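Here are a few exercises to work through with the model open beside you. Try each task before reading its solution.

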Amino acid sequence: MEILAVVGVILATALIIYLSLKGFNILVIAPICALLVMITNQMPILDSLLKGPASFMGGLSGFVASFFIIFLLGSVLAKYIEESGAANAIANGILKLTGTEKPYSVLVAIFLMSLLLTYGGVSLFVVLFAVVPLARTLFEKLNIPWRLIITPYFLGVATVTMTMMPGTPAIQNVIPTMTLGTTLTAAPLIGIVASIVVTIWGLWRMKKELNVALANNETFDKKYAKKEDQKEERKQPNLFISLLPLVSLIVIIFVGSFLKVSNIIIPALMIAIILSGILFHPFIDNQKQILNLGATGAISPTVFSAAAVGFGSVVAAAPGFQTILEAIQSIPGNPLISLSVLTGAMAGVTGSSSGALGIIMNNFVQPYVEMGLEPDVIHRLSAIASGVLTCLPQCGALLSMYALTGLTHKETYKNLFVSVVVGSFLAFIAAYLVAVLF
């Protein structure tokens, strides 16, 4: 029966990835796949679905209780940045710095836009809607293949500012602070080294991809030039005003982290929202609508991530996974290796870096702390490890990108995997070496 239990965990994980790839909603497939784990592992069905923190609903509700306020505040701030035109103002400001005449400069500009906006706390989905229309015009003007948009966008939103750079307000950087008592700037040297490695790799890959495309005489396919409904042109804030709420957010996070203020992300987001309401008032027709839209916009990402955590909680409690866990924990060498492998594996199981971290921090991290490992190092390495597999084919952000751009896995995924997934793995290796050597 032990073999069946292990096979059940592996099969359920493969199934949730496959069904996600086919477009099924995580709210539907997570409980179904959790049920498969329960049956093959002979777990009590109702208890495993409903009772206790290790149940599906226990994991889901626990994640919502811990992190909904952060999702809520982040969503409201993102809506202010989006609706005021600040996101476009920032994007245009970066384009002025990099130029718009050379193809590689445009790719770098898209990377910088995505990086700056997400480091300022803006949702990657808001960044997507800000970047794609600008990029489409530039790609058509320069006659370069539209498929190249994927790498700079994901390099900007799913690497440095998601798990690596000290002070990032991303939920992946917040979750470890709740369990470990660390700050958002934990292990800064490790994070900076990882950020440098993935950025150098990504910029080199972007250049290589562009050169290959140009050598093959690839051009912008007119089918991607379909015009969307144009919004009425409105006055938007200048670059300085647009950046102020984001800069204030980052400064407060760094100062609060230096002063060891717990949960600094919450007051930082609140202050950034208040500043946005004041500074963007002339550029917004209805602030009540902004607050309402921001609040409702927080529900889907919270519940989707929580559903992934619910599935992961059932997996974590399954006897089959305990067998897998024992094998991972018996990996020879520094215990940071087994912790990182475990985190990466859980990210693959849930299809969510934030979901994986929620499970790892709540269920598996304490023994590593008791081994004497530095909490700051655990924080940073776990976060980076959770992001290595974040761009798997079933990634929700990737599917959203395809829906908006008209691109497909076939056209883009090979380059995305090499640029972002391999780049994140190389960054993790560099981060691990820094952690061990220094």
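Throughout, buried means under 20% relative accessible area, exposed means over 50%, and partly exposed lies in between (1.4 Å probe, protein chains only). The model is predicted, so local features need pLDDT of at least 70 and side-chain atom pairs count only at pLDDT 80 or more, while totals for chains, interfaces and linings use all residues. Residues are numbered from 1 along each chain as its sequence is written, and side-chain values use heavy atoms, with hydrogens and water left out.

**Exercise 1. Find which residues have the most contacts inside the largest nonpolar core.**

Solution. Start from the term: a nonpolar core is a set of buried Ala, Val, Leu, Ile, Met, Phe, Trp, Tyr and Cys residues joined through side-chain atoms within 4.5 Å. The largest one holds 137 residues, and Phe139, Ile149, Phe154 and Phe311 have the most contacts inside it. Its top contributor is helix H4 (residues 56-83), with 12 residues; helices here are DSSP runs (H or I, at least four residues) and strands likewise (E, at least two), numbered from the N terminus. Now zoom in on Ile149: leaving aside residues up to four places away in sequence, its contacts (heavy atoms within 4.5 Å) include Phe139, Met401 and Leu407.

**Exercise 2. Classify the ring pair of Phe139 and Trp146.**

Solution. Rings of Phe, Tyr and Trp (its six-membered ring) pair if their centres lie within 6.5 Å; planes under 30 degrees apart are stacked, over 60 edge-to-face, and the rest tilted. The structure has eight such pairs. For Phe139 and Trp146 the centres are 5.2 Å apart and the planes at 90 degrees, so the pair is edge-to-face. Both residues are buried. Compare Phe321 and Phe364, a tilted pair at 6.0 Å centre to centre and 50 degrees between the planes. That pair links distant parts of the chain, 43 residues apart: Phe321 is in helix H15 (residues 319-329), and Phe364 is in the loop between helix H17 (353-363) and helix H18 (366-370).
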